[in-house]
Amino acid sequence: MSSTFDCADPDARADGLAAAARAVRAGQLVVLPTDTVYGLGCDAFSAPAVRSLLAAKNRGPDMPVPVLVGSWSTIDGLVVGVPDAARSLIEAFWPGGLSLVLSHAPSLSWDLGMTKGTVMLRMPLHPVALELLRDVGPMAVSSANTSGAPPAADAAEAAAQLGDQVTVYLDGGPSGTPVASTIVDLTADEPRILREGAVPSAEISEVLGREIVSG
């Protein structure tokens, strides 16, 4: 049975965050508001939980699940060395609509799908998401919808698609106009923009001091 918590109410928000943290630690799924669209999330280090997330979305492992973090420093334990370009972009745009693809640390016991040794990381600009992430640590988070359906813009839309497969719904109100994050691949010598979204490519080029190619 799912529970929904209205995060506009301080008491309900506190109860909801506590319930969501318990659910994540138990390997269950939660829906949380972010600064883009609502996310379907779980413990990034629980392979069964990630499989449950993919099953809830009717999606296979060929589309790996991104990871959200609650602080800048979290990234140091997740990747193989943090390049200078990543540090510069993190300082400029995190928390916010920028996702970074980096080579993940081989020692990590996680299975996010067919990642080819990489992970896509982002720190969202949303107080509810950040509070949960700072409590439970990195979470595998994908858009809160079934494959092929529009991403949920509020908790009710997420519940209509995902139902009781999710243990806790954190209702942070409407997400507003959904804008995907910009994705920058930093796994090669030259950074590449894989998808332009919330952060314009011109701003990324300005921060890095050189023109960044797309594609």
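I began with burial: a residue is buried under 20% relative accessible area, exposed over 50%, and partly exposed in between (1.4 Å probe, protein chains only). I noted that this is a predicted model, where local features need pLDDT of at least 70, side-chain atom pairs count only at pLDDT 80 or more, and totals for chains, interfaces and linings use all residues. Residues are numbered from 1 along each chain as its sequence is written, and side-chain values use heavy atoms, with hydrogens and water left out.

**Entry: cysteines**

I looked for disulfides, meaning a pair of cysteine sulfur atoms within 2.5 Å. I found zero disulfides by this rule. Cys-7 is in none, and the nearest cysteine sulfur, that of Cys-42, is 19 Å away. I then checked burial. Cys-7 has 9% relative accessibility, so it counts as buried. Cys-42 has 0%, so it is buried as well.

**Entry: the sheet**

I took helices (H or I, at least four residues) and strands (E, at least two) as DSSP runs, numbered from the N terminus. Two strands pair if DSSP finds at least two bridges between them. Strands of a sheet pair through backbone hydrogen bonds, either parallel or antiparallel.

I traced an open sheet of 11 strands with mixed pairing. Its order is S1-S8-S2-S3-S7-S4-S6-S5-S9-S10-S11. Which strands stand at the edges? They are S1 (3-6) and S11 (213-214). Each has a single partner strand, so one side of each is left without a neighbour in the sheet.

**Entry: S3 and S7**

I followed S3 (residues 39-43) next. Five bridges join S3 to S7, and the two run antiparallel. Gly-41 has Val-141 of S7 as its bridge partner. I also picked out Leu-40, which is found in S3. Leu-40 has 0% relative accessibility, so it counts as buried. From C-alpha to C-alpha, Leu-40 and Ser-142 are 5.3 Å apart in space, yet 102 residues apart in sequence.

**Entry: S9 and its partners**

I turned to S9 (residues 182-185). Are its faces covered or open? Both are covered. Thr-182 and Val-184 on one side are buried, as are Ile-183 and Asp-185 on the other. S5 (residues 98-103) pairs with S9 in the parallel sense over four bridges. There, Leu-98 has Thr-182 as its bridge partner. S10 (residues 192-195) pairs with S9 in the antiparallel sense over three bridges. Asp-185 is bridged to Arg-192 of S10. S9 and S10 form a hairpin, with six residues between them.

**Entry: the largest pocket**

I used a 1 Å grid over the protein atoms alone; a pocket is an open set of points with protein on both sides within 12 Å along at least five of seven lines, and lining residues have an atom within 4 Å of a point. The largest pocket is lined by 35 residues. Nearest its centre lie Pro-66, Met-120, Val-141, Ile-183 and Arg-195. The elements giving two or more residues to this lining are S5, S6 (118-122) and S7 (139-143). S6 gives the most, with four residues.

**Entry: Ser-205**

I ended at Ser-205, found in helix H6 (residues 201-208). Ser-205 has 9% relative accessibility, so it counts as buried. Leaving aside neighbours within four places in sequence, Ser-205 is in contact (heavy atoms within 4.5 Å) with Arg-210, Glu-211 and Ile-212.

Definitions and conventions: On a 1 Å grid over the protein atoms alone, a cavity is a set of points where a 1.4 Å probe fits but cannot get out, and a pocket is an open set with protein on both sides within 12 Å along at least five of seven lines; lining residues have an atom within 4 Å of a point.
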